[in-house]
Amino acid sequence: MTPAMFEDYEKFRRDGVMLYFNGPVSQAVLEGIADIMRRRMDSEDTERAVARKVFALLVEQMQNIVRYSCERAALEGGEGEFAQGQVVVGREADGSFFVASGNRIRAGDGRRLSERLLRVQGMNRPDLKAYYRECRRAGPDAESAGAGLGFIEMARHAAKPLDFAIVPVDRDTSFFSVKATA
């Protein structure tokens with residue numbers, strides 16, 4: 001285990017990873033990680049507009065884990081639950097920031113997610129703005145735990161089209177990952 005951890009450490013460093021989290025995600029964990037990233041970016045004098053975009057991408061992706069991860073467990077004392085997932089924040093070779101996340105989803109949700117993300121990937125900024133308004137007026141769909149605007153928000157904050165993958169794990173679940181660059 002120890003040599004593998006060193007290999008992971010070196011790989012993350014080479015890949016520009018600033019923060020890696022894998023584990024239970026709750027609203028409190030989200031707030032803690034977002035605060036760590038805000039302080040780190042402040043200490044590095046990151047341009048405010050860029051820091052806001054990274055922060056928005058981080059929050060949207062962690063909220064997706066909280067809402068849609070199918071690996072869930074009750075919090076101690078029965079006061080809510082947490083969802084299992086991972087999130088990575090780092091820098092690309094060109095200096096831009098990226099935020100990526102991953103979590104298991106129900107296999108049946110993969111096609112719906114893929115269709116939504118492919119639609120958003122093909123939109124420019126004015127189209128994203130119009131689609132956001134359209135979806136907001138329509139309200140959440142029956143299959144969404146939130147307002148259904150998360151991917152649109154991510155695409156609006158991202159400098160490049162969202163990158164995603166859905167990998168079947170077993171008969172009942174798939175692993176969903178998404179990466180956004182600010």
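Student: What makes the contact between glutamate 115 and arginine 111 a salt bridge?

Tutor: A salt bridge requires a side-chain nitrogen of Lys or Arg within 4 Å of a carboxyl oxygen of Asp or Glu, and in this predicted model the side chains of glutamate 115 and arginine 111 meet at 3.3 Å, N to O, so the pair is called a salt bridge. Both residues lie in helix 4 (residues 110–121), four residues apart, about one turn of the helix, where helices (H or I, at least four residues) and strands (E, at least two) are DSSP runs numbered from the N terminus. Residues are numbered from 1 along each chain as its sequence is written. Local features need pLDDT of at least 70 and side-chain atom pairs pLDDT 80 or more, while totals for chains, interfaces and linings use all residues, and side-chain values use heavy atoms, without hydrogens and water.

Student: Why is arginine 111 called exposed?

Tutor: Buried means under 20% relative accessible area, exposed over 50%, and partly exposed in between (1.4 Å probe, protein chains only); arginine 111, at 64%, therefore counts as exposed, whereas glutamate 115, at 49%, is partly exposed.

Student: How do you know that glutamate 92 and lysine 179 form a salt bridge, and what does the pair tie together?

Tutor: Their closest N and O atoms are 2.8 Å apart, which meets the definition. Glutamate 92 lies in the loop between strand 3 (81–91) and strand 4 (97–106) and lysine 179 in strand 6 (residues 173–181), so the pair ties together parts that are 87 residues apart in sequence. Glutamate 92, at 24% relative accessibility, counts as partly exposed, and lysine 179, at 27%, counts as partly exposed.
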